[in-house]
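Please consult the sequence and structure below while reading.

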Amino acid sequence: MDVRVCELNATNVTGRTVELVRALLARAAFCGLDLELSGLGDKRDMSHPDMQVRYECVRRAAQSRSVLSIGLSLFLPTASAHTRYSVYVFDIKTLSQEDFVMEPQAAKFLIKHGFDFNHLFHSGLPYHSGDDLEVSGGGGGG
């Protein structure tokens, strides 16, 4: 199976790109999502038997770490007898506009696996955490 990865970043994303990904997502039989983070926080509490302790650990990490890349894999059914799905994979480079913690072990892991931090800081799609935004209209919560 030939699967191509399409990187999306600040230099190549347009309104048309967003429309295309939304259309593919709407047709997908299923999808996979993977986040590359600037760290995971205190790993001791990640596997704590008490779910509330785990939640608080993940919550603290999410408030201080950054999503560096979003991997989105979309599986669309085909009419072919030889191939059940067409697969679309997007590597979405993201760059937080707020200060964040970068754990050395996370950076080493990402670099070992080919992550280019220069490219991220040059071309990452800027974003804000959104925790300061109000949801208005359209049935959203808030």
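The model is predicted, and the values given here are computed from it.

- Gly124 sits in the loop that joins helix 4 (117-123) to strand 5 (125-127).
- With a relative accessible area of 8%, Gly124 is buried, because buried means under 20%.
- Although Gly124 and Asn9 are 115 residues apart along the chain, their C-alpha atoms are separated by 5.3 Å.
- Apart from neighbours within four places in sequence, the residues in contact with Gly124 are Ala10, Lys93, Thr94, Leu95 and His119.

**The largest pocket**

- The largest pocket holds about 390 Å³ of space.
- Its lining is formed by 20 residues, and those closest to its centre are Ala61, Ala62, Gln63, Ser64 and Arg65.
- Strand 2 (30-37) and helix 2 (51-64) each contribute at least two residues to this lining, and helix 2 provides the largest share, with five residues.
- By class, the lining of the largest pocket comprises 10 nonpolar, six polar and four charged residues.

**The second largest pocket**

- The second largest pocket holds about 180 Å³ of space.
- Of the 13 residues in its lining, Asp34, Glu36, Ser69, Gly71 and Asp91 are the closest to the centre.
- Two or more lining residues come from each of strand 2, strand 3 (67-77) and strand 4 (85-96), and strand 3 gives the most, with five residues.
- The lining of the second largest pocket consists of five nonpolar, four polar and four charged residues.

Terms used
Residues numbered from 1 in each chain as written. Predicted model: local features only at pLDDT ≥ 70, side-chain atom pairs only at ≥ 80, totals over all residues. Heavy atoms only, no water. Helix = DSSP H or I, 4+ residues; strand = E, 2+ residues; numbered from the N terminus. Buried < 20%, exposed > 50% of the residue type's maximum accessible area, 1.4 Å probe, protein only. Contact = heavy atoms within 4.5 Å. 1 Å grid on protein atoms, 1.4 Å probe; cavity = no way out; pocket = protein on both sides within 12 Å on 5 of 7 lines; lining within 4 Å. Points joined across faces, edges and corners; volume = space filled by probe spheres on them. Nonpolar A, V, L, I, M, F, W, Y, C, P; charged D, E, K, R; others polar.
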